[in-house]
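Reader: I'm new to reading protein structures. Could you walk me through a feature or two in this one?

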Amino acid sequence: MTLDNDLFPALNYFAAIARHGSFRAAARHLNMSPSAVSHAIAMLERRLGLKLLSRTTRSVALTPEGKVVLEGLDPALERIKDAIDTAKGLAQAIAGSLRIAAPRTVSEFLLTPLLLAFSQAYPRIAVELHADDALQDIVAGGFDFGVRFGDRLEQDMIAVAIGAPTRVLLVASPDYVRENGLPVTPDDVQRHRCLGRRFPGGGLFAWHFFHGQEQRTFTPDAILTFSDDLLLRQAALAGAGIGFAFEETVRNEIAVGRLVEILPDWASAPERCYLYWPGNPVARPAARTFIDFAKRY
C-alpha cells in the first residue's frame, strides 16, 4: 500500500507510546496533550484499517498487528534520526568565510534575515555583509557575491534569483492625506509635496507607474531629497510628503495605519533580487552552500 505523508507524525506518536508504555507519558515526551495523541492514534488506526493498541483504563499494550508495525517502524525511525544527525554533522563541518556586497535597503529586508538563518544553519561559515547603495565592483572589492536587482546586473556575471518579488509603493502619512487630499492619478501626484531619492552616482530615482497597459514615468520636483531610504521613510511618516518605499519596509506601517498607500492601482511592477558572482565558486564548499541556501530562502 501507498503510505500518505500525513500519517508519518502519527506513526511517530505510536512508536512513542510503545516506548513509554502509556498515552500520558508519550504525550509528555512529545510535548503534546494526551487527547491530541489519542486522536492521532485513532486516525492512524482508522486510515490503516488496523488496531495497533489495546487500551484499558490502566494500561496500553500492543496488539499482534501493532507489534508487526513497530518491528518495521523502529528501524526506519532510527535510520531517519541517523540521517538527520549526519546532515547536521555536515553542516557543522562546513567552514570558511564569505563577503557580500548589497544595497542598504535590500540588506535590511532580505539579506539580514537570510544571513541570520544561514548563520544558524552553518555556524562555522563567517559572513561579512557590506551594505552600500553604490554599485560595487565585487572583483575589485574582494567580495565573493553581490546582490542587485535584475536590471542592474552586469552581463558577464552568473546570477540566481533570491527572495520573493518585491515592489516599491507610493506612500504618505494619514495626516498628510487629510491636509492635502488623496491623489487619484500620477498627474495629481506631481502637484503634491514629493520626497525624492538620489543615488550615490548622482542620479535621481524616477517614479514609474503601471496601470494595465498604461505606463507613466517622471522624476518629481522634490521638496526634500534623500540619499537614504530610511530617512525618506521617516520623512513620509512625519507627514512631510509623498514618497516611494519598498513594500517590505512599509508593510507594517500600512497595516497599523501609520502610512497610506497612494495610487494602489498604479503600483510598480514586481522586481527580483539576484545573487551574483564573477565565476564558478563550486570548488569552495562555503560559497556553494550559501548559493544553495539563498536559492531556497
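Author: Happy to! Keep in mind that this is a predicted model. Let's begin with V147: leaving aside neighbours within four places in sequence, V147 is in contact with I100, A101, A102, P103, V106, L111, I162, C273, Y274, L275 and Y276.

Reader: Which core lies apart from that, and how many residues are in it?

Author: Another core, of 23 residues, lies apart; Y13, A26, A27 and L53 are among them.

Reader: And which residues touch the most other members in the largest nonpolar core?

Author: First the general idea: in soluble globular proteins, nonpolar side chains tend to be buried together. Here the largest nonpolar core has 42 residues, and those touching the most other members are F145, V147, L170, L275 and F290. Helix 5 (residues 104-121) gives the most to this core, namely seven residues. Domain 2 (96-166 + 272-295) and domain 3 (168-269) each supply at least three residues to this core.

Reader: Is N31 buried or exposed?

Author: N31 has a relative accessible area of 72%, so N31 is exposed; the cut-off for that word is over 50%.

Reader: Where does L263 lie?

Author: L263 lies in the loop between strand 13 (260-262) and strand 14 (271-277). L263 also has a positive phi, about 50 degrees, although L263 is not a glycine. With a relative accessible area of 9%, L263 is buried.

Notes: Residues numbered from 1 in each chain as written. Predicted model: local features only at pLDDT ≥ 70, side-chain atom pairs only at ≥ 80, totals over all residues. Heavy atoms only, no water. Core = buried A, V, L, I, M, F, W, Y, C linked by side-chain atoms within 4.5 Å. Buried < 20%, exposed > 50% of the residue type's maximum accessible area, 1.4 Å probe, protein only. Helix = DSSP H or I, 4+ residues; strand = E, 2+ residues; numbered from the N terminus. Domains from an automatic or database assignment. Contact = heavy atoms within 4.5 Å.
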